[in-house]
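The tour goes from one selection to the next.

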Amino acid sequence: MEDIEGWLTREEGDFLSEEAKNKICLEIGSYKGKSASYIAIQAKKLICIDPFYIRINEQWEYDEKALVYLEFLSNTKRYQNVITIRGLSVDCAEFFINEYLDMVFIDGSHTYENVVADIQSW
C-alpha cells in the first residue's frame with residue numbers, strides 16, 4: 001500500500017488494519033484508497049464515503065470521470081468487501097440510522113466545522 005498516494009503512515013495503516021479486524025467499518029474520506037486498503041485487509045465489510053471531488057482552476061468540482069475516483073477504484077478493486085458511496089458524509093449519515101457499525105474512521109474534510117459535523121452526524 002505504500003505505492004498508493006496519501007498521507008497515512010505505515011504505522012497508522014497497520015493500526016487501522018488491526019482495529020478493523022472482523023468488523024463492519026465505515027470510512028469518511030477515502031481519497032485514492034490508501035487507508036481503505038489497510039482497513040479492507042481485515043474488515044468484514046468497509047463502506048467508503050467520499051464525494052471524490054477534483055480541483056479544477058482553484059475550485060473543487062465533481063466529475064463523473066474524476067481521476068481520484070478512478071484511482072480509488074483501481075487501488076481497492078482487489079477487496080471484495082469494499083462498498084463505495086459517492087457523496088458528502090453528513091448527507092449520507094441519515095441512510096445509516098438503523099445500521100450497525102463497529103468502527104467509523106473520520107478523515108474527510110479537515111476544517112473545524114466539517115470535522116464537528118462529521119462527528120455529530122456519525
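Which residues in helix H3 (residues 67–76) are buried? Select the helix and look for Val68, Tyr69, Phe72, Asn75 and Thr76, which are the buried ones. They lie on the same side of H3, because they cover an arc of only 130° around the axis. That arc is taken from the directions from the helix axis to the C-beta atoms. An α-helix has 3.6 residues a turn, so residues three or four places apart point the same way. Buried means under 20% relative accessible area, exposed means over 50%, and partly exposed is in between (1.4 Å probe, protein chains only). Helices (H or I, at least four residues) and strands (E, at least two) are DSSP runs, numbered from the N terminus.

A note on the source: this is a predicted model, in which local features need pLDDT of at least 70 and side-chain atom pairs count only at pLDDT 80 or more, while totals for chains, interfaces and linings use all residues. Residues are numbered from 1 along each chain as its sequence is written, and side-chain values use heavy atoms, with hydrogens and water left out.

Phe52 sits in the loop between strand E2 (45–50) and strand E3 (53–56), 17 residues from Tyr69. Phe52 is buried at 1% relative accessible area, and Tyr69 is buried at 16%.

Next, select helix H1 (residues 10–19) and helix H2 (residues 34–42). They pack at an angle of about 35°, with their axes 7 Å apart. Axes are lines fitted to C-alpha atoms, for helices over the stretch in contact, and angles run from 0 to 180 degrees between N-to-C directions. On the H1 side the residues that meet H2 include Arg10, Leu16 and Ser17; on the H2 side, Tyr38 and Ile41 are among them.

Finish on Ser17 in helix H1. Is Ser17 buried or exposed? Ser17 is buried, with a relative accessible area of 6%. Leaving aside neighbours within four places in sequence, Ser17 is in contact (heavy atoms within 4.5 Å) with Tyr38, Ile41 and Gln42.
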